[in-house]
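Trainee: I would like a close look at a single part of this protein. Please take me through it step by step.

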Amino acid sequence: MAIPVIDFSKLEGKERDETLARIANGCQEWGFFQLVNHGIPVELLERVKKVCSECYRLRAEGFKASKPVQMLNKLVEEEGDASDAERLDNVDWEDVFLLQDDNEWPANPPEFRETMKEYREELRKLAEKVMEVMDENLGFEKGSIRNSFSGNGEHQPFFGTKVSHYPPCPRLDMVNGLRAHTDAGGVILLFQDDQVGGLQILKDGQWIDVQPVANAIVINTGDQIEVLSNGRYKSVWHRVLTTSDGNRRSIASFYNPSLKATIAPGTNKDDSATALYPEYVFGDYMDVYVKQKFLAKEPRFAAVRAV
């Protein structure tokens, strides 16, 4: 099985209906799909690769002193090569930082800030186009998902970019690159490494590789899209495996509701289905999520229902 790869440019031509159907299938059956010909210049993507790789080269020594490395070294010293060695199930083998409009960004390399600012603007626009496609496929009015995320324009949706690097790991049997989870928010747009794999999704009880595709943007749906679609689209469990060689680059951008936005199952004129999820304020959901990120999602919805 392979994650669907969809030519986004065909939305503008005679294959529009087929492309809408393929995106709907990606949302319904996979929770993940890859977009090519998405409108983001390849030249910009190449610059993003360059500045992020250089940024992590400058951070490499710092990771050697990080908590995951220290914990793994200690465990190896204690357990050696034992086949039943304990795993580090509460940490991730990941060097990571977050870019938002109002936080401090790395100063080096010098072109990092300008490049990533330009990239984030392109990703924000792409996210809004993807949400409009979801609106159309779900039978919602145009802009419905975006309006839900902004409280009908009263609040600013959250848009953050998580820049991650997964260095080579000496003991693949003892630690995950990133533990299995579903994403809390809305639409996630990932520019993943096109050389070093490791990202997997859980489908039909099997872990499936998200195959590297040059210059593609991987889209996945978060918990809030599941709620707004009343379960027609599902957020999907995914993880990153460690690798013994290569340095995996991962740049994930999250278009999420404002913490003040009210989220509830949406409806269209043909929809008489019972709401399967509660109505709640997204900030209340996040209070639950930060404590239960790596646990089953259903209790999160139950907990927020009780708030």
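Leaving aside its neighbours within four places in sequence, which residues is phenylalanine 112 in contact with?

Mentor: Bear in mind that this is a predicted model. Set aside the neighbours within four places in sequence, and phenylalanine 112 is in contact with Val51, Cys52, Cys55, Phe97, Leu99, Trp105 and Pro106. Now for the setting. Phe112 belongs to the largest nonpolar core, which has 56 residues. Together with Met116, Tyr119 and Ile217, Phe112 is listed as having the most contacts inside that core. Helix α4, residues 112-138, gives the most to this core: 11 residues. As a general point, nonpolar side chains in soluble globular proteins tend to be buried together.

Helix α7 also has buried residues. It spans residues 282-292, and Phe282, Gly283, Tyr285, Val288 and Tyr289 are buried there. Their cover includes two helices, α6 (223-228) and α8 (298-305). Strands β7 (178-181), β13 (248-256), β14 (262-263) and β15 (280-281) are also among what covers them.

Now the start of the chain. Alanine 2 lies in the segment before β1 (5-7). With a relative accessible area of 46%, alanine 2 is partly exposed, because that value falls between the 20% and 50% limits. Its contacts, leaving aside neighbours within four places in sequence, are Trp30 and Gln211. Alanine 2 and aspartate 209 are 207 residues apart in sequence, yet 7.4 Å apart in space, C-alpha to C-alpha.

Key:
Residues are numbered from 1 along each chain as its sequence is written. This is a predicted model: local features need pLDDT of at least 70, side-chain atom pairs count only at pLDDT 80 or more; totals for chains, interfaces and linings use all residues. Side-chain values use heavy atoms; hydrogens and water are left out. A nonpolar core is a set of buried Ala, Val, Leu, Ile, Met, Phe, Trp, Tyr and Cys residues joined through side-chain atoms within 4.5 Å. Buried means under 20% relative accessible area, exposed over 50%, partly exposed in between (1.4 Å probe, protein chains only). Helices (H or I, at least four residues) and strands (E, at least two) are DSSP runs, numbered from the N terminus. Contact means heavy atoms within 4.5 Å.
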